[in-house]
Amino acid sequence: MNVWISLIASLIVIGGLVVGAAGVAGLAQYSHTPELLVLLGVVVPLLAFIAFIVGVILQVVKWGRRPVPFPIATVAGQGKSLPWIKASYFDAPYTKAGVVGRMALEVLTFRSLFRNTKMELHDGPKLAYGWQMWLWVFALAFHYAFLTVFIRHFRFFTEDGSVVFQGVMFLEHLDGFLQLGLPHVLISGFVLLGAATMLLLRRLTNAQVRYVSLIQDYFPLLLIISIAASGILMRHVIKVDIVAVKALIMSMLNFDFVGIGEKALAIGWMFYLHIFLVSVLLAYFPMSKLMHMGGIFLSPTRNLLCNSREFRHVNPWNYPVKVHTYEHYEDEFRERMIEAGLPVEKTLEETQEAAAPEEKE
């Protein structure tokens, strides 16, 4: 029941954000109140961007202050030890080049997710493991589509004719190579929406995943689905003035707020809903599980050498410990142990014979 409460709570929050932002933008345009539009389209995004930067810095500093005295080896592969035992170069890298290779495979291809398996109990009883590739496919499609959409939006933040602008337009040309309709269908937006929806459906239909899902799992997925859907609607159904959008964003970047009210009124209400949802995602990002984007580079199980079998790592702040070995313990209590019938490694005679030469000297 708690699982469904988390989903319903996420839907209520997302629905409230959508209805609230759309209502405020529509009311502001109907009543010609540019102040509300400036609040949604300028003030809120600026505050969200500041929250994003500050939050990411604080989170990275927090992770960086965590002590990691020695490598934390994973069990995915054989670590380097004796010469005649073959070590796994990428699963347990023992060189810096191997660590770079492992990080590249992890970041670019989600290698650890590719080896995801599912456990099932069949009649017999018989335990079976099956390869699950759909999660890897959807995750790969989701992240690369998100990256493409993110880079495409740089056309609104760069001057026309600049090198970055030309590069972004080239990427957009590749993204819309099907040239369906007018404006062209950009594939990355639909892939992002489809992949995020499939990840949400997997979380709802898989009993094991659904059992461990909380509101912090549903909320970012629903928020990203809402952002992708509003972007597609804005491009193909409820269209806005793209030239006015770029003029507003460039004014915001240059802190040129002269006449910004007129520029805000020239844009359709759908833009304000879209940018408000993006602002919520920006502000929420540092405190959410989405921060794994930066955390992967600070993970000691990924960025450190796995040479714990090759070298002995000693914790640098270990304090000296007074050791009382079993040999000393038995020397101290040997007579009592013999009286109690406990086994001992040396008898009293052996102890006296060993002590005799020392006394003669």
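Contact here means heavy atoms within 4.5 Å. The model is predicted, so I kept its limits in view: local features need pLDDT of at least 70, side-chain atom pairs count only at pLDDT 80 or more, and totals for chains, interfaces and linings use all residues. Numbering runs from 1 along each chain as its sequence is written, and side-chain values use heavy atoms, with hydrogens and water left out.

Arg152 sits in helix 5. Helices are DSSP runs of H or I with at least four residues, numbered from the N terminus. Is Arg152 buried or exposed? Its relative accessibility is 10%, so it counts as buried. The scale is: buried under 20% relative accessible area, exposed over 50%, partly exposed in between, with a 1.4 Å probe and protein chains only.

Next I checked the helix pair. The axes of helix 5 (residues 134-152) and helix 6 (residues 163-175) come within 9 Å and cross at roughly 135°. Helix 5 is therefore oblique to helix 6. Angles under 35 degrees count as roughly parallel, over 145 as roughly antiparallel, 65 to 115 as roughly perpendicular, and the rest as oblique. Axes are lines fitted to C-alpha atoms over the stretch in contact, and angles run from 0 to 180 degrees between N-to-C directions.

Which residues make the contact? Helix 5 brings Thr148, Ile151 and Arg152; helix 6 brings Val168, Leu171, Glu172 and Asp175.

Then I turned to rings. A search of the whole structure gives 12 aromatic pairs. Rings of Phe, Tyr and Trp (its six-membered ring) pair if their centres lie within 6.5 Å; planes under 30 degrees apart are stacked, over 60 edge-to-face, the rest tilted.

Phe52 and Phe285 have ring centres 5.5 Å apart and planes at 70°, so I logged the pair as edge-to-face. Phe52 is in helix 2 (residues 34-64), and Phe285 is in the loop between helix 12 (269-284) and helix 13 (292-295), 233 residues apart. Phe52 is buried at 18% relative accessibility, and Phe285 is buried at 13%.

Tyr326 and Tyr329 form a tilted pair, 6.1 Å centre to centre with 35° between the planes. Both lie in helix 15 (residues 326-339), three residues apart, about one turn of the helix. Tyr326 is partly exposed at 41%, and Tyr329 is partly exposed at 38%.

Last, I noted that ring pairs link Tyr89, Phe90 and Tyr94 into a cluster.

Conventions
Helices (H or I, at least four residues) and strands (E, at least two) are DSSP runs, numbered from the N terminus.
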